[in-house]
Amino acid sequence: MNLGLRAMSWVTPLGNGLEEVMDRLAAGEVAQAAPCPDAPGDGPRYYIPVASDARGPLSRIPRVRRSGAISYHALTAGLAALEAGGVEPLSPLAPAVAQRTAIVFAICSGGVQYTRRLYEKIVQGGPPAASPLLFPETVYNAPASHLAATLGVEGESYTLVGDSTVGLAALEFAGELLACQPGLEQCLVVGCEECDWILWEGYQSWRLCSREPSVSLEPPRGMLLSEGAAALLVGRTGTGRVDLSISTGTHGQRRDAGMRLRECLNRLAPTSCDLLVGSANGTWIGPIEHAALAPCFPEARWLTPKAALGESLAASSLIQTIFAAQAVIGGSAKAAAVSAIGLNQQVGAAFVHPLSSPVS
Amino acid sequence: MPSSFPPLQRVAVTSLGLVTPLGIGRAENLDALRCARPGISPVRQFETEGCRCRVAGQVKESRLPVDEGRTLQGLRGLHRSGRMMLAAARELLSSDPAFVPEASVIGTTSGGMSFGEAFFRDFPKSRRGAPRRLSHYAPQKAVVDLHEVFGASGIPCQIIANACASGANAIGHAFQLIANGVRRRVLAGGYDALSELVYVGFDSLQASTPDRCRPFDKNRSGLVMGEGAALIALEAWDDALARRAPILGEVIGYGISTDNHHLTQPHPSGIGPRLAMERALQSARLAPAAIDYINAHGTATPFNDATEGVAIEAIFGPGAVPVSSTKGQTGHTLGAAGAIEAVFCLLALEGEFLPPNVNYVEADPQWHLDIVANTARPAQPRTVLTNSFGFGGTNASLILRRDGEGVYS
């Protein structure tokens with residue numbers, strides 16, 4: 001599935017500006033981990049929060065006043081991507097533009113903070129303690145709904161759920177919408193994540209989380225969950241300087257993950273790729289990814305943004321894609337491949353290339 | 001608003017699988033629909049003391065498949081929703097064993113939520129079994145495991161979570177993929193299992209009823225939750241004919257809209273449902289008069305039915321088309337609802353009847369609808385429309401057709 005990249009934005013633990021974050025990463029900065037707030041029991045559970053107060057001017061939007069952090073991250077990234085694409089900030093789209101714009105969200109854990117709080121109340125106080133204010137925000141498509149309402153999009157709005165590859169699945173889905181709907185001109189693809197101690201405990205039940213406030217890729221000693229969001233505005237053709245090709249798949253068993261990833265990349269047939277943006281996060285993913293792709297990209301540089309930004313799950317593969325696009329736009333790479341192995345049976349790949357580069 | 005590209009390819013339904021509170025498989029569901037037999041019973045899976053509503057449409061545990069053993073190793077420890085999906089997949093493959101999908105597009109709202117609930121309740125006392133349970137908490141797990149059953153390991157899996165429109169969105173997107181030549185064969189459907197958090201959540205909104213679920217009745221007071229799964233095999237028409245596959249019907253239209261009025265309440269004007277239905281008609285290139293039956297979303301909440309009723313009357317005219325909601329029998333199966341009700345429409349087309357709208361006592365004067373009240377109605381529908389609406393203002397409508405006489409098995 002081929003797409004034109006029009007604009008992009010992100011909310012990361014190292015800031016929200018595209019070039020700012022790229023510069024800080026290039027300088028070797030690593031985002032600071034912090035203990036999960038409100039966690040019960042012993043021992044710190046580290047995660048990487050976003051750098052600044054995500055709410056900011058979004059508090060002016062009545063619809064999102066009671067929303068969780070995930071919706072704020074999503075709206076911040078989504079609206080900034082549109083602004084980068086020429087839309088006035090914090091304003092509904094012009095009706096003619098809204099009619100031709102679709103929203104596709106990538107979600108992994110969703111509103112996990114409100115979900116845990118709601119269920120905690122139910123367990124402690126029984127059904128009468130359940131808050132009608134919390135429940136609607138636990139629904140996976142709540143962030144997408146808030147963004148659609150803010151923009152005035154009354155047509156196509158989809159929320160996809162999956163693992164840390166779901167951002168690529170959302171890009172592929174956006175490409176499918178554009179292929180099927182002649183009236184659509186562009187899709188805003190957003191991936192977003194918030195953290196909670198229960199999420200940490202869930203992943204730690206698989207021994208996947210780092211006990212230290214840092215990430216070690218070699219040897220892998222566990223991941224640091226992180227918060228954030230990423231948004232890409234895509235169309236059939238781009239108005240920026242790069243295009244994307246996307247392919248996704250699944251793996252029934254962990255041992256098949258590398259093979260399935262190679263299949264995804266082979267479908268994209270990347271040519272003259274000199275940068276690979278990997279999904280190694282301090283878990284089993286790194287070694288499998290390296291074993292699968294090293295023979296295919298012997299000359300390419302490997303970059304692993306999750307070592308510095310943490311594992312932001314639904315946002316992560318979109319952050320990788322933006323990272324690759326920025327590298328190509330900035331001239332530090334001729335073309336870049338994005339590889340994503342998820343922790344829950346999904347895989348995906350993207351090829352980011354200058355406009356008019358031949359792809360299959 | 002966008003309509004589809006001119007369809008390049010007709011989209012056949014070659015097989016289906018169905019698990020609902022009314023039974024496992026098409027025969028049991030067909031019989032229950034014809035007899036207006038309800039599938040609602042007291043909730044057994046968790047405590048409902050203090051809830052407005054204490055019943056639900058539940059799939060009988062004893063009817064679901066058990067662990068599969070070595071050949072389907074990944075299926076051990078399946079969540080209830082995964083076992084429903086497995087049962088649906090088995091039925092689908094039993095009537096079309098040659099169907100091998102290129103991709104799956106499945107809707108759900110909560111995946112394996114009850115495993116997450118159990119993890120929270122047990123924390124930090126016991127971690128035994130937590131890793132396996134949590135792997136089945138992920139909504140894609142129930143689908144990716146099925147790929148092996150279909151001999152299609154590795155294919156892409158898209159899980160749509162558009163609240164209670166998810167199942168219809170999944171079928172609609174799969175339809176568009178095939179109609180426009182992006183894919184040739186797609187496994188589509190939806191699933192959801194009852195969970196305490198969602199059950200109590202709807203109750204906290206006072207969306208659930210202490211009474212019976214009475215869609216479109218003047219005295220309706222809310223929904224009853226349900227659970228289930230439905231899968232359909234969608235294939236490019238020419239391919240299905242070429243391999244002499246059974247053809248159960250055809251998906252011919254899909255419309256989607258987003259109502260931005262409120263996160264959980266539809267705009268009173270009915271603009272959301274109206275746009276979805278109009279876009280589905282536009283997609284199918286049909287006038288409203290071509291629709292022979294509407295399977296309504298019909299949750300029986302005051303707001304939903306009011307807006308849907310207004311929208312149906314506005315498009316189709318007063319009493320012009322028979323309407324029923326089957327949620328009085330099944331409960332509201334959330335992410336599965338759109339898929340289950342699309343399959344009910346296929347059963348109605350094949351079985352030549354209109355499913356009943358049970359528990360209907362008194363007409364609501366807000367609209368003039370031809371409600372298929374309380375008993376199934378003999379009919380020969382050829383083209384039917386089914387609605388699904390959800391939180392977040394998501395609205396989806398599908399149009400299905402019985403056509404191509406002589407090609408049905």
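1. Strand β10 of chain B, residues 249-258, is mostly covered, since 10 of its 10 residues are buried; buried here means under 20% relative accessible area, with exposed over 50% and partly exposed in between (1.4 Å probe, protein chains only). Strands are DSSP runs of E of at least two residues, helices are runs of H or I of at least four residues, and both are numbered from the N terminus.

2. On the basis of the note: this is a predicted model, in which local features need pLDDT of at least 70 and side-chain atom pairs count only at pLDDT 80 or more, while totals for chains, interfaces and linings use all residues. Residues are numbered from 1 along each chain as its sequence is written, chains are lettered from A and ligands numbered from 1 in the order in which they are written, and side-chain values use heavy atoms, with hydrogens and water left out.

3. The partners of β10(B) deserve a look in the viewer. Strand β1 of chain B (residues 11-20) pairs with β10(B) in the antiparallel sense over three bridges, and Val13(B) has Gly249(B) as its bridge partner in β10(B). Strand β17 of chain B (residues 394-401) is joined to β10(B) by eight bridges and also runs antiparallel to it; here Glu250(B) is bridged to Arg401(B) of β17(B). Two strands are taken to pair if DSSP finds at least two bridges between them.

4. Chain B also holds an open sheet of three strands, in the order β3-β4-β8, with mixed pairing. Its edges are β3 (40-42) and β8 (225-226), each of which has a single partner strand, so one side of each is left without a neighbour in the sheet. Strand β4(B), residues 55-57, runs parallel to β8(B) and is joined to it by two bridges, with Met225(B) in β8(B) as the bridge partner of Ala56(B).

5. Chain A has an open sheet of three strands in the order β2-β3-β7, and the pairing is again mixed. The edge strands are β2(A) (34-35) and β7(A) (225-226), each pairing on one side only. Strand β3(A), residues 46-48, is parallel to β7(A) and joined to it by two bridges, and Ile48(A) has Ser226(A) as its bridge partner in β7(A).

6. Helix α6 of chain A (residues 142-151) is mostly covered, with nine of its 10 residues buried; among them are His146(A), Leu147(A), Thr150(A) and Leu151(A). Just after α6(A), Gly152(A) takes a positive phi of about 80°.

7. Ser91(A) lies in the loop between α2 (69-84) and α3 (95-98) of chain A, and Ser91(A) is buried, with a relative accessible area of 17%. Leaving out residues up to four places away in sequence, Ser91(A) touches Thr150(A) and Leu151(A), both of which are buried residues of α6(A); a contact means heavy atoms within 4.5 Å.

8. For chain B as a whole, the secondary structure comes to 12 helices and 17 strands, and 68% of its 409 residues count as buried. A compact globule of 409 residues would have a radius of gyration near 22 Å, and the 20 Å of chain B agrees with this; the radius is taken over C-alpha atoms, and the globule rule is 2.2 Å times the number of residues to the power 0.38. The C-alpha trace of chain B spans about 60 × 55 × 40 Å along its principal axes.
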